[in-house]
Structure formats: C-alpha cells, structure tokens
Amino acid sequence: MKEQLAKIRAEALAAFSSAQTAAELDALRVQYLGKKGELTAVLKQMGRLSAEERPVMGQLANEVRAALEQALEEMGSKLEEAALDAQLKAETVDVTIPGNVQKIGHKHPMYIALDEIKDIFVGMGFTVLDGPEIELASYNFDKLNAEEGHPSRDWSDTFYFDKDSRVMLRSQTSPMQVRAMETMELPIRIIAPGRVYRKDEVDATHSPMFHQVEGMVIDKGVTMADLKGTLNTVIEKLYGEGTITRFRPHHFPFTEPSCEMDIQCHKCGGHGCPTCKGEGWIEVLGAGMIHPNVLRMSGIDPEEYSGWAFGMGLERMAMGRFKIADLRLIFENDVRFLEQF
Ligand SMILES: [Zn+2]
C-alpha cells in the first residue's frame, strides 16, 4: 500500500504540472481525489490493514492527499494567470485602426431661421419670451379685442378643451402680448416664438400645428414709422440687403391700423412666377398699431402709451430663407431633406 500511495503521488503531481487548462486540471482532480478516484480507492483498502499499520498508512495517505491538494491549488492559480494573460493579449486594442464614424446631427432648418430672427431682435434690445401652448380663450381672444362671435373663435377653426370654449390650444402667439403687458414694466420690447394650433388640413402651405413669432413694442410716442423701420431692418437682415418690401392695409381685431408686409419675389424680381403665384410679391407677416382697447384691457393708458405688434409664420420665414417649396418637408423629419442645411 505504501508503494501504491507513492506511485499515485508521483503520477498525480506529474500529471497536474503538465495540465494545460483549468478544465484539464479539474478532470485530473476527479481522477485522483474524486469519490471514485485513485487515492480514494486505496484508502478503501485500509480496512484490510492490521491495527498497527492502519494509523501509519492513514497518516501517509493524508500527507499524499494534502500534497496533491496543494499542487492542485498552485497549478490552478498558475493556469488562471496564464488564461488572464492570454485574454489580455487577445483583447489588446489597436489604436491605429480607424474608428467608426459617428453621425452627428445638426439644427433643424426652422430653428436655424428662428435663431437668426432671435439674434436680430435681441440685437435691437428685445427680450425673448416663452408662453403656454394651452391657453385661456380670454387671453387668446377677449383681451385681444376678438369678442364672442368673432369668426376665428369658431369651433371649426380652434381646438377647445371644454364645451364652454374657455380653454384651448392657442391659435396664435398673441396671448403673449397680453401676458407681457400684464406682467412687465413699461416700456416693453418683446418677441414670443412658439407653436400654435388651428384646425387646418395638411397641404403644401398648411398644417394644424405651426410656429409663429410674435413681437411687440410699447412706449411713449411709438408710431407706424417705428413699425416700418424696425420690420424693414429685420427683413433686410434675413433676406439680404436691398430686399424690397411693401405694406398693404389689412384688418386684425387687435391692431388699428393694421397691415400685411410683403417682400418682392426673390425668384422673379417682381415679374410674377410660380413661387409668388404670379403676383411678384410674397406675404411675410401681419402687423399694426396696437388697438387702444387692447392696451386699455391690460391696464395701459392709450392716451399716454402707444405700441405696435407683428406676427409672422416661422415655417414661412424658413421656407423663404432656405427656398423650401413644401411646408410638409419641415415636419416630416426626412433626413435626406434635413441633411441639406
Ligand atoms: Zn415670383
């Protein structure tokens, strides 16, 4: 039995040290130390030994077991280290390989146009305001001189939230005029860009959701000349120096007198073409002197103060600025279109 143990010890240690992988080593562990392993088999013969031999053999067997276990442990950690080294070598990053190019987006053309508009107005001392898209009809209509019965209040034109027509998706950014008049110190110079909603079918020039930029100036002695001078400056900065404009009389409930501003068609120079529908002019915004009633309703004395206001469609400005033919392109998020800007 002594020889058997010595033989197992020598064979096992030799086998352990030649193991190449952790799996191989584990198989060897089972082969020698497992329940049906070689060392276990020898120990099972202990019963046949005499009472004197048994403790001696027992001690020897324990020594062999301890030696094998220690060898297993040492070999195990050696293999583990080797495996880690191999993994590190295999996963080495080659920093000289060209990387994957990440596509970086850019600003939407409409917001490029909006940023230009904001820059121009801020440069002239205007403050940019933001306001709620869910608005009270009193701000969207009443305080802007559009009383009950005004056609723009009709259910066919407006998204109301309640049957009493008191809460709605704002149909214009003009409520911000009222909010500014109620909360800001005079004199006031503001623009208020934002989304507005109307019950329009989608086509090349209409959408139920679109954007406006509202602007307003209130001070002592403000006249139509200020309105024309300011808006002409803005349009020249947006569309280029020498852009020819004209003001046509119009009607809005919240301004008196009211006007619409056109620019001469940049495509045909005023001769008439498909872009301007043969008219030679393209409408860009509505404006006017703030109606005395509107000032009065917001607690401003129209005898002392006067003001002007305008509202322009942001999509239309972007379409003119970037020569975009169809409004739907602005909202479709087709990257083939957006990448062109
Ligand atoms: Zn034209």
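Analyst: Helices α5 and α10 are roughly perpendicular to each other, because they pack at an angle of about 95° and angles of 65 to 115 degrees count as roughly perpendicular, those under 35 as roughly parallel, those over 145 as roughly antiparallel and the rest as oblique. Their axes are 9 Å apart; axes are lines fitted to C-alpha atoms, for helices over the stretch in contact, with angles running from 0 to 180 degrees between N-to-C directions. Helix α10 covers residues 314-322, and helices here are DSSP runs of H or I with at least four residues, strands being E runs of at least two, numbered from the N terminus.

This is a predicted model, in which local features need pLDDT of at least 70 and side-chain atom pairs count only at pLDDT 80 or more, while totals for chains, interfaces and linings use all residues. Residues are numbered from 1 along each chain as its sequence is written, and side-chain values use heavy atoms, with hydrogens and water left out.

On the α5 side, Pro109, Met110, Ile112, Ala113, Leu114, Glu116 and Ile117 meet Leu314, Glu315, Met317, Ala318, Arg321 and Phe322 of α10, where contact means heavy atoms within 4.5 Å. By class that gives 10 nonpolar, no polar and 3 charged residues; Ala, Val, Leu, Ile, Met, Phe, Trp, Tyr, Cys and Pro count as nonpolar, Asp, Glu, Lys and Arg as charged, and the others, Gly among them, as polar.

Helix α5 (residues 109-123) also meets α8 (residues 224-239), with axes that come within 10 Å and cross at roughly 140°, so this pair is oblique. Glu116, Ile117, Ile120 and Phe121 of α5 touch Val234, Lys237 and Leu238 of α8, a contact of 5 nonpolar, no polar and 2 charged residues.

Elsewhere, α1 (residues 2-17) and α4 (residues 53-90) have axes that come within 10 Å and cross at roughly 0°, so they are roughly parallel. Their contact divides into 13 nonpolar, 1 polar and 2 charged residues.

Now for the metal: the SG atoms of Cys265, Cys268, Cys273 and Cys276 coordinate the zinc ion at 2.1 to 2.3 Å, donors being N, O and S atoms within 2.8 Å of the metal (3.2 Å for Na, K and Ca). The site is tetrahedral, with angles of 105 to 116° among its 4 donor atoms; four donors count as tetrahedral if all angles lie between 85 and 135 degrees. In sequence, the donor residues are spaced C-x2-C-x4-C-x2-C.

Technical notes. Tetrahedral: all angles 85-135°; square planar, octahedral: opposite > 155°, others 65-115°.
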